[in-house]
Amino acid sequence: MSATRPPFVVAGRELESRLVLGTGGLPSLEVLDAVVEASGSRLATVAVRRVDPSARGGLLDVLAARNVDVLPNTAGCFTASEAVLTAKLAREAFNTDWVKLEVIGDEDTLLPDALELLDAAEQLCDQGFVVLPYTNDDPVLARRLEQAGCAAVMPLGSPIGSGLGVRNPHNIALMAERCSVPVVLDAGIGTASDAALAMELGCAGVMVASAITRAREPARMAGAFRAAVEAGYQARLAGRIPRRYLARASSPAEGRPDL
Amino acid sequence: MPSSHGGLAIVVNGERRAVVAGSTVADLVEAWCPSPDGIAVARNREVVPKSEWSTTPLAPSDSVEIVTAAAGG
């Protein structure tokens with residue numbers, strides 16, 4: 001593409017794709033491979049779980065073969081101490097100090113626990129982690145996370161896996177405008193247009209899991225998201241027209257024949 | 001707390017297990033995982049770095065978590 005493309009940089013690392021992929025919810029590693037390829041993503045989340053001696057491995061191999069970096073998450077953690085220990089285990093297991101920090105406050109909504117989240121973020125940043133917190137769509141909390149040293153902020157569009165899209169576009173736009181670290185929309189996306197909207201609002205990237213992995217055709221949906229993220233990003237750069245209350249003709253009034 | 005097999009009773013990933021007295025974290029990982037790649041170990045809620053697995057003996061009633069990557073997020 002000839003248009004100028006500012007790079008997507010998180011903590012000094014330039015990522016080729018603005019689409020971050022979640023790997024949960026797919027039926028097989030073969031489908032994951034097809035999804036990764038179709039998405040063009042270069043960063044994918046994994047969870048930290050007990051080794052199942054009978055399980056077939058290969059998740060990390062699939063990602064490595066596609067040149068995708070691993071972003072471990074702390075999904076399932078309810079306290080700062082659990083999340084910090086999980087991040088340390090991930091660093092040891094996957095040789096990365098990057099962590100998508102999730103500290104959940106409620107099993108039904110899976111909404112972040114803001115106080116535990118900030119506590120964990122401060123601890124992990126102090127210990128040299130590159131922290132990408134999954135956060136509420138709260139511009140003030142985002143600022144606090146940024147001040148703690150987080151490398152990006154990942155506000156939810158709506159609850160995880162809900163497919164409800166971006167419920168508070170105004171807050172997402174405020175965050176994108178006011179944060180000096182990248183804002184990556186995370187959670188709640190239902191379909192490709194939600195991702196395009198997030199990018200149009202000024203997000204630097206979009207993270208998608210369920211909307212791809214639980215689609216009827218995951219690889220096709222991954223391709224749709226790749227196009228949507230790019231479309232939304234280009235539209236943002238191009239500058240949308242202002243909204244108007246009344247119509248404004250695009251054909252000239254002059255030269256109209258008298259019929 | 002010796003087990004009936006004369007070993008150490010510990011808990012691994014939530015399951016009670018007996019291991020031979022004198023076993024290290026490295027021995028446990030070898031028995032538990034096909035490969036040590038992509039694995040991390042916490043013993044009593046403290047990470048045991050890979051470099052210390054072979055020099056970290058297991059003690060009675062230790063609680064060990066052996067983790068790896070799972071699809072998620």
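Reader: In β8(A), which residue is the bridge partner of Thr135(A)?

Author: The model is a predicted one. In it, β7(A) and strand β8 (residues 154-155) of chain A run parallel and are joined by two bridges. The partner of Thr135(A) in β8(A) is Pro155(A).

Reader: Which helix of chain A lies between β7(A) and β8(A) in their β-α-β unit?

Author: The unit formed with β7(A) and β8(A) is right-handed. Its helix, residues 139-148 of chain A, is α5.

Reader: How many bridges join β6(A) to β7(A)?

Author: Strand β6 covers residues 98-101 of chain A, and runs parallel to β7(A). Lys100(A) stands opposite Leu132(A), and Leu101(A) has Pro133(A) as its bridge partner. A right-handed β-α-β unit is made by β6(A), helix α4 (residues 114-126) of chain A and β7(A). The number of bridges between β6(A) and β7(A) is four.

Reader: Why is strand β7 of chain A described as largely enclosed by the rest of the structure?

Author: Val130(A), Leu132(A) and Tyr134(A) point one way from β7(A), while Val131(A), Pro133(A) and Thr135(A) point the other way. Residues on both sides are buried. The strand, residues 130-135, is largely enclosed because the buried count is six of the six.

Reader: Which residue in β10(A) stands opposite Leu21(A)?

Author: Strand β3 (residues 19-22) of chain A runs parallel to β10(A), with three bridges between them. In strand β10 (residues 205-208) of chain A, Gly205(A) and Met207(A) point one way and Val206(A) and Val208(A) the other, all of them buried. The residue opposite Leu21(A) is Val208(A).

Reader: Through which helix does the chain cross from β9(A) to β10(A)?

Author: Strand β9 (residues 184-186) of chain A pairs with β10(A) in the parallel sense over three bridges. One bridge pair is Val184(A) with Gly205(A). The β-α-β crossover from β9(A) to β10(A) is right-handed, and its helix, residues 192-200 of chain A, is α7.

Reader: How many disulfides does the count come to over all chains?

Author: The sulfur of Cys125(A) has its closest cysteine sulfur in Cys150(A), at 4.2 Å, which is too far for a bond. For Cys179(A) the closest is in Cys203(A), at 9.7 Å, also too far. Both Cys125(A), with a relative accessible area of 15%, and Cys179(A), with 12%, are buried. The count over all chains is zero.

Reader: Which element gives the largest share of the lining of the largest pocket?

Author: The largest pocket has a volume of about 750 Å³. Its lining has 25 residues, and Glu82(A), Leu85(A), Thr86(A), Leu89(A) and Arg45(B) lie nearest the centre. Two or more lining residues come from each of β4 (43-50) and α3 (80-94) of chain A, and β4 (46-48) and β5 (63-71) of chain B. The largest share, nine residues, comes from α3(A).

Reader: How many residues of that lining are charged?

Author: The lining of the largest pocket includes nine nonpolar and seven polar residues. The charged residues number nine.

How values were computed:
Residues numbered from 1 in each chain as written. Chains lettered and ligands numbered in written order. Predicted model: local features only at pLDDT ≥ 70, side-chain atom pairs only at ≥ 80, totals over all residues. Heavy atoms only, no water. 1 Å grid on protein atoms, 1.4 Å probe; cavity = no way out; pocket = protein on both sides within 12 Å on 5 of 7 lines; lining within 4 Å. Points joined across faces, edges and corners; volume = space filled by probe spheres on them. Nonpolar A, V, L, I, M, F, W, Y, C, P; charged D, E, K, R; others polar. Disulfide = S-S within 2.5 Å. Buried < 20%, exposed > 50% of the residue type's maximum accessible area, 1.4 Å probe, protein only. Pairing = 2+ DSSP bridges. Right-handed = clockwise from strand over helix to strand, strands pointing away.
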